Amino acid sequence: MPRTNYRGFLVSAKPEFMANIILVGAQWGDEGKGKVIDVLTEKADVVVRSQGGNNAGHTVHVGGTKYVLHLVPSGVLRENKICVIGNGVVIDPVGLVKELDGLLAFGVKLEGHFFISETAHVVLPYHRSLDEQRENLKGEHKIGTTKRGIGPAYGDKAARTGIRVLDLVKPERFAVLLEQRIREQNEVLKAFGAQPLSFVQVLAEYQAAGARLQPFVTNTVTLLHDALKRKASLLFEGAQGTFLDIDHGTYPFVTSSNTTSGGACTGSGVPPNRIDKVVGVVKAYTTRVGEGPLPTENAEIADLLHGMGREFGATTGRPRRCGWFDAVATRHAAMVNGIDELTVTNLDGLDTLDTIKVAVAYEVDGKRYDYVPSDIQVLSRCQPVYEEFPGWKTETSQVSEWKGLPAKARSYLKAIAKLTGAKLTIVSVGPGREQTIFL
Ligand code: GDP
Ligand code: IMO
Ligand code: MG
């Protein structure tokens, strides 16, 4: 029997309609989610961010222009789509205003197309300052955060001391809450030996940002459910990646939200039984920015990719650490996210190699692992067991069909999808929209 979804539509690999899809990064972030979201948005109606903040950097190339989105969903570059920042996101209002101004300057239409959840939490300057102070205190054990205040903002949310968007857009209420918070946070900052904040300055800057954002603020839960009633297709844009998940990642070298598929539901108010499928995005190799274990890290491939001018962070500009494709990690990601379909990006990054390695298992202390061990002290000592694949040594960036790819590239892609345990449906061979192969 073909599977149908709750709307009675057939759920197939290439449906005539667009299913409700959660797209997640299945590695350590920067898998190319922004590019893939931009491509998939063509057939979607609503694109939703549900977690993370402006620690994310999602790159989209459209017609020779490069856009880097941090908080606004990558679907915003397509006309007549609805873009939503959900309740699970932490929003730096000043950063968001800058991002919106940049989009407006490019002629992007926001009015009536862009909405911000009233219950999303606000990132404030004390969060950024605390993020930096904690990193400094950790010294060589630092996480390597983006210093965007993400951890402290989610910390306040969990401690129930956060300020939300619905507070921000009410100037008097915001002033009262901010005064209390700054009084407490300045004591903490002073204890770190850091500069205390001026309530008056922060108030003025954030009230101004609040006033700019106010027209976009709404109850996005009911907005999304109204869209579901209209049978609109929703596309959830994951930020970060599976191994940066606060629960499933390489703790403590993680971000502070649930980057795995479940986070899309809690971070938007759309329940799991309204989701049709989960798409995992991976690079054809592995990258990580920041500290923490990366079992397949390899200097040779890092030098190759950096030499090509690739793999520098979209948010902080830091060079990304690089390694071979890690099928142990992606198989684990397929398990915790429920990945149905796999998109492989950056295939073209491997075009010049003679031999390509893939980790198929880890070994440590004579024990073999086919999943990612939870204890990072164990993970840090894991030695990858590699399988080798012959390189295709042909440029792939102009290829537009599966059959046009070199046979060795197709074998490599089939092998990594099989090892991951998901169906390969999209291959990306360049940053542009047109450099996308559908299977
Ligand atoms: P995200 O955070 O997952 O959206 O990924 P980033 O935008 O941070 O990093 C991915 C980088 O790879 C960006 O510079 C993209 O433009 C680029 N990119 C995505 N897919 C491809 C591809 O198939 N080939 C090449 N050469 N670049 C790609
Ligand atoms: P996108 O959405 C890659 C990393 C940081 C650091 C750790 C914690 O572009 O894939 P944080 O500032 O979140 O407290 O930093 O997480 N990190 C990312 N790495 N891509 C991202 O987002 C990331 N967002 C955070 O480098 O190691
Ligand atoms: Mg990124």
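## Helix α1

Within α1, the residues Lys-33, Gly-34, Lys-35, Val-36, Ile-37, Asp-38, Val-39, Leu-40 and Thr-41 are buried, where buried means under 20% relative accessible area, exposed means over 50%, and partly exposed lies in between (1.4 Å probe, protein chains only). The helix is thus described as mostly covered, with 9 of its 9 residues buried. Helices (H or I, at least four residues) and strands (E, at least two) are DSSP runs, numbered from the N terminus.

## Basis and confidence of the model

This is a predicted model, in which local features need pLDDT of at least 70 and side-chain atom pairs count only at pLDDT 80 or more, while totals for chains, interfaces and linings use all residues. Residues are numbered from 1 along each chain as its sequence is written, chains are lettered from A and ligands numbered from 1 in the order in which they are written, and side-chain values use heavy atoms, with hydrogens and water left out.

The chain has a mean pLDDT of 95, and 96% of its residues reach 70 or more; pLDDT is the predictor's confidence in each residue, from 0 to 100. Over residues 12–16 the pLDDT is below 50, and this stretch has 8 contacts in the model beyond near neighbours in sequence. A contact here means heavy atoms within 4.5 Å.

## The magnesium ion

The magnesium ion (ligand 3) has Asp-30 (OD) and Gly-57 (O) as its protein donors, at 2.0 to 2.2 Å. Donors are N, O and S atoms within 2.8 Å of the metal (3.2 Å for Na, K and Ca); water is not among the atoms, so sites may look incomplete. Asp-30 belongs to the loop between β1 (21–25) and α1 (33–41), and Gly-57 to the loop between β2 (46–49) and β3 (58–62), so the pair ties together parts that are 27 residues apart in sequence.

Both Asp-30 and Gly-57 are buried. For Asp-30 the relative accessible area is 19%. Asp-30 also has a positive phi of about 60 degrees, although it is not a glycine.

## Ligand 1

Ligand 1 is surrounded by 20 residues, of which Lys-33, Gly-34, Thr-59, Asp-348 and Ser-428 are the closest. A residue is near a molecule or strand if one of its heavy atoms lies within 4 Å of it.

Polar contacts are pairs of N or O atoms within 3.5 Å; within protein, one must be able to donate a hydrogen and the other to accept it, and residues adjacent in sequence count only if both atoms are side-chain atoms. A backbone N or O atom of Gly-34 is 2.8 Å from an oxygen atom of ligand 1. In the side chain of Asp-348, an N or O atom lies 2.7 Å from a nitrogen atom of ligand 1, and for the side chain of Arg-310 the corresponding distance to a nitrogen atom of the ligand is 3.2 Å. Taken alone, ligand 1 exposes 580 Å², and the protein buries 90% of that. Accessible areas come from the Shrake-Rupley method with a 1.4 Å probe; for residues, only the protein chains shown count as cover.

## Ligand 2

There are 20 residues around ligand 2, and Lys-33, His-58, Thr-146, Gln-240 and Thr-255 come nearest. Oxygen atoms of this ligand take part in several polar contacts. A polar side-chain atom of His-58 lies 2.7 Å from an oxygen atom of ligand 2, an N or O atom in the side chain of Asn-55 lies 2.9 Å from one, and a polar side-chain atom of Arg-318 lies 3.0 Å from one. Ligand 2 taken alone exposes 550 Å², and the protein buries 98% of that.

## Val-344 in strand β15

Val-344 is placed in strand β15 (residues 341–345). At 0% relative accessibility, Val-344 counts as buried. Not counting residues up to four places away in sequence, Val-344 touches Val-282, Lys-283, Ala-284, Leu-413, Ile-416, Leu-424, Ile-426, Val-427 and Ser-428. Val-344 and Ser-428 are 84 residues apart in sequence, yet their C-alpha atoms are 6.2 Å apart in space.

## Loop residues

Arg-160 lies in the loop between α4 (150–159) and α5 (165–168). Arg-160 is exposed, with a relative accessible area of 75%, and has a positive phi of about 65 degrees although it is not a glycine. Gly-63, in the loop between β3 and β4 (65–69), is exposed with a relative accessible area of 81%. Gly-63 and Glu-434 are 371 residues apart in sequence and 9.9 Å apart in space, C-alpha to C-alpha.

Pro-252 is found in the loop between β10 (234–237) and α9 (262–266). The peptide bond from Tyr-251 to Pro-252 is cis, with omega near 5 degrees.
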